[in-house]
Amino acid sequence: MSEPRKETKLVPVPATNYVPERDVDKPPILEARNLGIDFGGLTALEGFNLAISPTEIVGLIGPNGAGKTTVFNLLSKVYQPTRGTILLNGNDTMGMSTVQVNRAGVARTFQNIRLFSNLSVEDNVKLGLHNHIKYGMFSGVLRLPNYWKQEKQANERVRELLSIFNMEHMVHDRAGALPYGAQRRLEIIRALATAPKLLLLDEPAAGMNPSETGELMENIVKVRDTFGVAVMLIEHDMNLVMGICEGICVLNFGKIIAKGTPSEIQNNPVVIEAYLGRQKEDG
Amino acid sequence: MLKMQKSTRKTVSTYALVIVAFVVVQGLAMSGNISATLRGQLVPICAYVVMAISLNLTVGVLGELSLGHASFMSVGAFSGVVACISLQNMIAFGPVRLVVGMVIGALCAGIAGFLIGVPVLRLNGDYLAIVTLAFGEIIKNLITCLCVGVDSRGLRFSFLTSADALKLEEGGRVIINGPMGIAGIPKLSTFTTGFVLVLVTLFIVMNLVKSRSGRAIMAIRDNRIAAESVGIPITKYKLMAFVTSAALAGAAGTLYAMNFSTIVATKFNFNTSILILVYVVLGGLGNIRGSVIAATVITILPEMLRGFNDYRMLVYAIVLIIVMLTTNNARFKTILSRLIPSKKATGEGRQP
């Protein structure tokens, strides 16, 4: 990043544990062991092993239909795995629901944007903060002091979060009416509002032009540095993947075909074959 | 705080509308400028307004189609009336007895809503609509088979038998007499109590919608998968909306029943549920103020059209169709927005 990082002031909330540098020595935040899932007779994913350290940025790439989004759906418990285990912070997530796994620290965005499109930008972020705003139905209906206090805190927090992507001025806009790029950014902010330890981004740069993608790359790194989260992203834009990912995992036909640093992946013959096909023997 | 947010302005204007309408109508009634038929409609209008607002919570805010809303009204009506009659000797002051009746009616309807909601809310869309329809009919038939009496020992119940099976003591009174329903209801409901109930309902629903819980309910409507992904427990909030909606319908049922001398369970049938749904759809899904206006206008409309006599229901249907077409017509809306510049899209409500 060219300019000195703008220090965003953040009120202390759980899980924004600022970690200054990448610490690969620490135990992994997420570990998938021999993960697999079948849909009927079709094996969509098999033998998936991956460990993500806290504050690492990991890329998940592969041709269309390789099972990348399936991995995300397994990690966020939209699907329950047929085989294998997912350890979150060393704890088995067996039988947990999407809601529980989110509370345990996994937040995600979606390939086809899933915002609460009839609600305002502010409400969308507040919904991300849902489990950090603590008052019940009765305080809300009767407008008890706790309601005003918590809502005020939430409003401040919403503006802080929006300021990461310079979206404060859109706070009262309807989410569905935002431009495409802003919707993608809002989805990331909403995921961040849940105070995750692992952020799953499903094609964050889809439909963005090169300058927007460049801005997004800076922002992803900035988010990692400010919030101390690990990021795992699916992306087809190789500039983005090679530019910011510290580790890359390549999937093809539901299996990992390569793992390594960006430079290792770029020179891996198996990966090149998966993407470009095999060169004809003495053509 | 002169510059209010759009949503706040909308809330204030809704309260203002209801209060002004009450003051005007009450003034007209005092000076005797209101026809006897319309005067008789005042309490039912209040009850239907509450029904429309509460159903809007399920259909507009939660986004689940419920076709059995009248059944919660009937649970509230029968339990509320039973409470009011059996407490006759304990609480002499009418309005207090009515309020107690409404609370009991709301509680019973809320419990019914919970019991039905637990299995039903696992379903979505059309399936949920069909099952609520079925439960509505079941509740109607259960009440038709129920006999309740009161004597010195307290309330006596019997099911699927006649009122004789209650074996009441001397001086006891049959309250619910099976298919004959309840007769001899003391007329405790007044326009003022109805108005207060409308205000309380508005207060509960509008505050709920603009709180943490209401946001979660609307999030489920807009995108269930995304709501789960940010850690919102779907079932809890679906149930919260459904039970609140049922409880308010119960209070409206008590208000409605205490306006008539007799009441039967078959009054709260599928047609009533659909009628309330018409109010909600006409007023706009998620639009509370719209529900209030639609319920009022549609209840008065048949009376207004009495001049057309034979063609009354035909005109009524045509008016409904015209309103449906114009309120959902994009071109009409742009014309309207040009005439009224402030009419712009807000964050809440489904209509853009």
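Two residues are in contact if their C-beta atoms, placed from the backbone, lie within 7 Å. Keep that one in mind for the interface.

Ground rules next. This is a predicted model: local features need pLDDT of at least 70, side-chain atom pairs count only at pLDDT 80 or more, and totals for chains, interfaces and linings use all residues. Residues are numbered from 1 along each chain as its sequence is written, while chains are lettered from A and ligands numbered from 1 in the order in which they are written.

Now the interface. Chain B puts 24 residues into the contact, and chain A puts in 30 residues. On the side of chain B that touches chain A, helices H6 (191-209), H7 (212-222) and H8 (224-229) of chain B each give two or more residues. H7(B) gives the most, with seven residues. By type, that side of chain B has 12 nonpolar, seven polar and five charged residues. Nonpolar here is Ala, Val, Leu, Ile, Met, Phe, Trp, Tyr, Cys and Pro; charged is Asp, Glu, Lys and Arg; polar is the others, Gly among them.

On to chain B as a whole. Chain B has 13 helices and three strands. These are DSSP runs, numbered from the N terminus: H or I of at least four residues for helices, E of at least two for strands. Buried residues are 46% of the 352 in chain B. Buried means 20 or more other C-beta atoms within 10 Å of a residue's own, with C-beta atoms placed from the backbone.

In H9(B), 19 of the 24 residues are buried.

Note on methods: Buried ≥ 20, exposed ≤ 12 C-beta atoms within 10 Å, placed from the backbone.
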